Amino acid sequence: DVTEIEEKEAQAKQEEQIMKEQELSNLLHEKRYLKALGLAISLDRPHTVLTVVKAILKEPEGRRHLEENIVRLRKDQKEAVLAFLVTWNTNSRNCHEAQAVLETLLRHEAPDSLLQLSGIKSAVESLLPYT
């Protein structure tokens with residue numbers, strides 16, 4: 001019977017998730033946005049990433065801070081953010097944040113590197129009607 005082992009594994013995963021949530025909350029409170037963005041992306045939480053982006057934009061010189069943080073993301077993280085912003089852009093409450101992130105990506109990424117992002121074609125097709 002492996003039920004007990006499976007329960008312990010599930011409990012360990014849940015505890016790890018709670019620890020990451022707490023760490024994310026602490027990072028936001030400490031205004032360590034790059035680490036918060038990375039953690040939220042790794043947890044695959046589009047809404048949390050949006051919350052981090054909104055927090056950055058509320059700061060004085062928020063656009064500049066947003067640019068600094070988005071530019072420093074890894075390629076796979078930028079791909080995830082691109083996928084998230086497609087969804088954000090469809091909602092009028094979140095479209096401004098989505099457009100700010102999109103503008104940053106378009107300004108700071110060379111066209112060739114943008115074409116290397118997975119899902120760029122479908123993202124552009126999805127963004128066009130709402131942009």
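Visitor: What's in the protein, helices or strands?  How many?
Guide: The model is predicted. The protein has eight helices and zero strands. Along the sequence the pattern reads α-α-α-α-α-α-α-α.

Visitor: What does the C-alpha trace span?
Guide: About 55 × 35 × 30 Å along the principal axes.

Visitor: And how much of the protein is buried?
Guide: Buried residues account for 36% of the 131 residues. The accessible surface is about 8,500 Å². Carbon and sulfur atoms hold 52% of that surface.

Visitor: Which share of contacts joins residues at least 24 apart?
Guide: 58%, counted among contacts between residues at least 6 apart in sequence.

Visitor: Switching to packing. At what angle do helix 4 and helix 6 pack?
Guide: About 60°, with the axes 10 Å apart. Helix 4 covers residues 62–71, and helix 6 covers residues 95–108. That angle makes helix 4 oblique to helix 6.

Visitor: Is the crossing of helix 4 and helix 6 left-handed or right-handed?
Guide: The crossing is right-handed.

Visitor: Which residues meet there?
Guide: Helix 4 brings R63, L66, E67, I70 and V71. Helix 6 brings A100, V101, E103, T104, L105 and H108. By class, the residues of this contact are six nonpolar, two polar and three charged.

Visitor: New topic, backbone. Which phi does K31 have?
Guide: K31 has a positive phi of about 60°, although it is not a glycine. K31 sits in the loop between helix 1 (3–29) and helix 2 (33–42).

Visitor: Why does K31 count as partly exposed?
Guide: Because its relative accessibility is 48%, and partly exposed runs between the under 20% of buried and the over 50% of exposed.

Visitor: What about D44's phi?
Guide: D44 also has a positive phi, about 55°, and is not a glycine. D44 lies in the loop between helix 2 and helix 3 (46–58).

Visitor: Is D44 buried or exposed?
Guide: D44 is exposed, at 55% relative accessible area.

Visitor: Last one, A123. Where does it lie?
Guide: A123 is in helix 8, residues 120–127. A123 counts as buried because its relative accessibility is 5%.

Visitor: Which residues is A123 in contact with, leaving aside neighbours within four places in sequence?
Guide: L82 and V86.

Visitor: How far apart are A123 and V101?
Guide: They are 13 Å apart in space, C-alpha to C-alpha, and 22 residues apart in sequence.

Note on methods
Residues numbered from 1 in each chain as written. Predicted model: local features only at pLDDT ≥ 70, side-chain atom pairs only at ≥ 80, totals over all residues. Heavy atoms only, no water. Axes fitted to C-alpha atoms, helices over the stretch in contact; angles between N-to-C directions. Helix = DSSP H or I, 4+ residues; strand = E, 2+ residues; numbered from the N terminus. Parallel < 35°, antiparallel > 145°, perpendicular 65-115°, else oblique. Left-handed = near helix turned anticlockwise from the far one by under 90°. Contact = heavy atoms within 4.5 Å. Nonpolar A, V, L, I, M, F, W, Y, C, P; charged D, E, K, R; others polar. Buried < 20%, exposed > 50% of the residue type's maximum accessible area, 1.4 Å probe, protein only. Areas by Shrake-Rupley, 256 points an atom, 1.4 Å probe, with all protein chains shown as cover.
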